[in-house]
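Here's a quick tour of a protein model for you. Have a look at the picture, then read on.

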Amino acid sequence: MAIDKALYTAAATSTGGRTGSTASSDGRIQLRLSTPKELGGDGGPGTNPEQLFASGYSACFIGALKAVAARQKITLPAEVSITADVGIGPMTGKPGAFGISVKMAVSIPGLDRSAAEALVATAHEVCPYSNATRGNVDVALTVV
């Protein structure tokens with residue numbers, strides 16, 4: 001699906017792949033990258049694309065939760081948090097190809113479980129990351 005008009009565009013440049021660096025065009029992000037030992041790397045001190053994706057998706061999903069809650073006149077507590085686990089591994093039936101999976105544990109303290117689950121389901125339809133991954137990435141959402 002296409003968007004009508006980009007309201008904001010982020011730009012980053014990476015060099016060296018998983019053992020290089022990445023920086024945003026505005027200089028706010030300047031990170032070293034390291035390959036985890038589990039993927040054959042040295043497990044160095046840098047971050048990796050999966051950690052960056054987990055951070056971006058979980059933060060964006062909280063934004064979607066806030067937008068949906070506001071529309072429904074629900075007040076969310078400041079303590080809303082999401083732990084996103086992004087896995088990477090070989091794809092079934094595609095030799096040599098890798099894919100990712102996402103598990104997100106959503107915590108909305110003080111909100112009834114059924115209301116929280118409904119809010120999460122609606123946010124999953126609104127979140128840009130959810131829309132980008134839908135049909136391509138297994139995403140499991142759990143209210144904790």
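Leaving aside its neighbours within four places in sequence, which residues is Phe61 in contact with? They are Ile82, Met104, Val120, Ala123, His124, Cys127, Ser130 and Leu141, where contact means heavy atoms within 4.5 Å.

Before going further, keep in mind that this is a predicted model: local features need pLDDT of at least 70, side-chain atom pairs count only at pLDDT 80 or more, and totals for chains, interfaces and linings use all residues. Residues are numbered from 1 along each chain as its sequence is written, and side-chain values use heavy atoms, with hydrogens and water left out.

**The three-stranded sheet**

- Strands S4, S5 and S6 form an open sheet in that order, with mixed pairing; helices (H or I, at least four residues) and strands (E, at least two) are DSSP runs, numbered from the N terminus, and two strands pair if DSSP finds at least two bridges between them.
- S4 (81-90) and S6 (138-143) are at the edges with a single partner strand each, so one side of each has no neighbour in the sheet.
- On average, neighbouring strands here are turned by 15 degrees against each other, direction ignored.
- S4 and S5 (residues 98-107) run antiparallel and are joined by ten bridges.
- Ile88 sits opposite Ile100 in S5.

**Helices on the sheet**

- Helix H1 (residues 49-71) lies across S4, S5 and S6, at about 140 degrees to S4; axes are lines fitted to C-alpha atoms, for helices over the stretch in contact, and angles run from 0 to 180 degrees between N-to-C directions.
- Helix H2 (residues 113-126) packs on the sheet too, touching S5 and S6, and its direction makes about 155 degrees with that of S6.

**The nonpolar core**

- The largest nonpolar core has 24 residues, and Phe61, Leu65 and Ile108 touch the most other members; such a core is a set of buried Ala, Val, Leu, Ile, Met, Phe, Trp, Tyr and Cys residues joined through side-chain atoms within 4.5 Å.
- H1, S4, S5 and H2 are the elements that give two or more residues to this core.
- H1 gives the most, with eight residues.

**His124**

- His124 is part of helix H2.
- His124 counts as buried because its relative accessibility is 17%; buried means under 20% relative accessible area, exposed over 50%, and partly exposed in between (1.4 Å probe, protein chains only).
- Not counting residues up to four places away in sequence, His124 touches several residues, among them Tyr57, Phe61 and Arg134.
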